[in-house]
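Please walk through the model below, from its strands to its cores, ring pairs and charged pairs.

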Amino acid sequence: MFEVSYLGKTFNVNSFTGTVIDTNKQLETKVSGSGGGGAVYQGSGAIAPVSISSSTTVHDNFFLIDPNGKEISVKLSNWDLSLRTGHTVQVIWVVPQKASSGPYVTVHNQNLGDVNWNDTALKTVVGSALGKHILIGLAISTVVSYLASSFGLFLLGFIATVIYFFYRRSVFAKDLKQQIQNHCL
C-alpha cells in the first residue's frame, strides 16, 4: 500500500478491506499457583503463603472477503473486537524490510466507526529500526567507560542509551500511526 522509512529501514504498510463472512471469539484462562511449602517441627517452622493468579487471553478470529472474492483469515490475541458477520472491516499490518510478514496494527470496523490500535505492535515493529543504533550506543559507552576505568560512566551511558531507545521508539510509533491515519483511514 505505502512505504515508510526510519533510520534507513523501510517498512511496508499493507491493508485489506472486506466483509466479515465468519467470526469466532474465544477466551483462554490460565491459572497458576505457588507457595504452600515449608516445614513444621515440634511447633516451630514456617509455611510459605499460597499465591494464586490467573490471566485471560481473548482470541478474535474472523474471515474477510473483498469484492473481488479474495479471502483472508485474521487471527488476533487480546484485541477484543466488536464485529459480526456482514460488517465491513479494514485490517492494516506493517512488514519490516526483508521480512515476510508483520503484525496487525489497526482494525477498522467501518460499520461501527471503531478504529482499534495495537500500540504495542507499533512500538515493537518500529523499534527494530533502532537495533543497530542501540548497539553502537552501548559499544561507545563500554569503550569510553573502559578507557576511563569508570563503571559509573558505563552505567550513565547505558541509561542514556535505554532512554534514547524508548524515546525514539515512541516518536517513530506516533509518526507511523499518524501516517496510517492519513493514508488509510
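**Strands, cores and side-chain pairs**

In the hairpin of β5 and β6, 5 residues lie between the strands, and Gly 69 takes a positive phi near 95°. The model is predicted: local features need pLDDT of at least 70, side-chain atom pairs count only at pLDDT 80 or more, and totals for chains, interfaces and linings use all residues. Residues are numbered from 1 along each chain as its sequence is written, and side-chain values use heavy atoms, with hydrogens and water left out. Helices (H or I, at least four residues) and strands (E, at least two) are DSSP runs, numbered from the N terminus.

Strands pair if DSSP finds at least two bridges between them. β5 (residues 51-65) and β6 are paired in the antiparallel sense over 7 bridges. Within this pairing, Leu 64 has Ile 72 in β6 as its bridge partner. β5 also runs antiparallel to β2, and 15 bridges join the two. There, Val 31 stands opposite Ser 54 in β5.

Which side chains of β6 are buried? In a regular strand the side chains alternate between the two faces of the sheet. Along β6 (residues 71-77), Ile 72, Val 74 and Leu 76 point to one face and are buried. Buried means under 20% relative accessible area, exposed means over 50%, and partly exposed is in between (1.4 Å probe, protein chains only).

Next come the nonpolar cores. Such a core is a set of buried Ala, Val, Leu, Ile, Met, Phe, Trp, Tyr and Cys residues joined through side-chain atoms within 4.5 Å. The largest one has 20 residues, of which Tyr 6, Val 13, Val 94, Leu 176 and Ile 180 touch the most other members. At least two residues of this core come from each of β1 (2-6), β2 (9-34), β7 (88-96), α1 (119-127) and α3. The most come from α3, with 5 residues. Apart from this core lies another, of 13 residues, which includes Val 20, Trp 79, Leu 83 and Val 107.

Contact means heavy atoms within 4.5 Å. Leaving out residues up to four places away in sequence, Val 94 touches Phe 11, Asn 12, Val 13, Gly 102, Pro 103, Val 105, Val 125, Leu 176 and Ile 180.

Two further residues of α3 can be taken together. Thr 161 has its place in helix α3 (residues 151-184). Thr 161 counts as buried because its relative accessibility is 9%. Residues up to four places away in sequence aside, Thr 161 touches Ile 134, Gly 137 and Leu 138. Phe 166 is also found in helix α3, but Phe 166 is partly exposed, with a relative accessible area of 44%. The C-alpha atoms of Phe 166 and Gly 127 are separated by 8.4 Å, while the two residues are 39 apart along the chain.

A pair of aromatic rings is described by the distance of the centres and the angle of the planes. Rings of Phe, Tyr and Trp (its six-membered ring) pair if their centres lie within 6.5 Å; planes under 30 degrees apart count as stacked, over 60 as edge-to-face and the rest as tilted. A search of the whole structure finds 6 aromatic pairs. One of them is the tilted pair of Tyr 6 and Phe 11, at 6.1 Å centre to centre and 55° between the planes. Tyr 6 and Phe 11 are both buried. Why is the pair of Phe 165 and Phe 166 edge-to-face? The ring centres are 5.2 Å apart and the planes are at 75°, so Phe 165 and Phe 166 form an edge-to-face pair. Tyr 6, Phe 11 and Phe 172 form one aromatic cluster.

Side chains of opposite charge can pair when their charged atoms come close. A salt bridge is a side-chain nitrogen of Lys or Arg within 4 Å of a carboxyl oxygen of Asp or Glu, and by this rule the count comes to 3. Lys 25 forms a salt bridge with Asp 60, with the closest N and O atoms 2.7 Å apart. Lys 25 lies in strand β2 and Asp 60 in strand β5, so this pair ties together parts that are 35 residues apart in sequence. Lys 25 is partly exposed at 39% relative accessibility, whereas Asp 60 is buried at 4%. Lys 25 forms a salt bridge with Asp 80 as well, where the closest N and O atoms are 2.9 Å apart. Asp 80 lies in the loop between β6 and β7, so its pair with Lys 25 ties together parts that are 55 residues apart in sequence.
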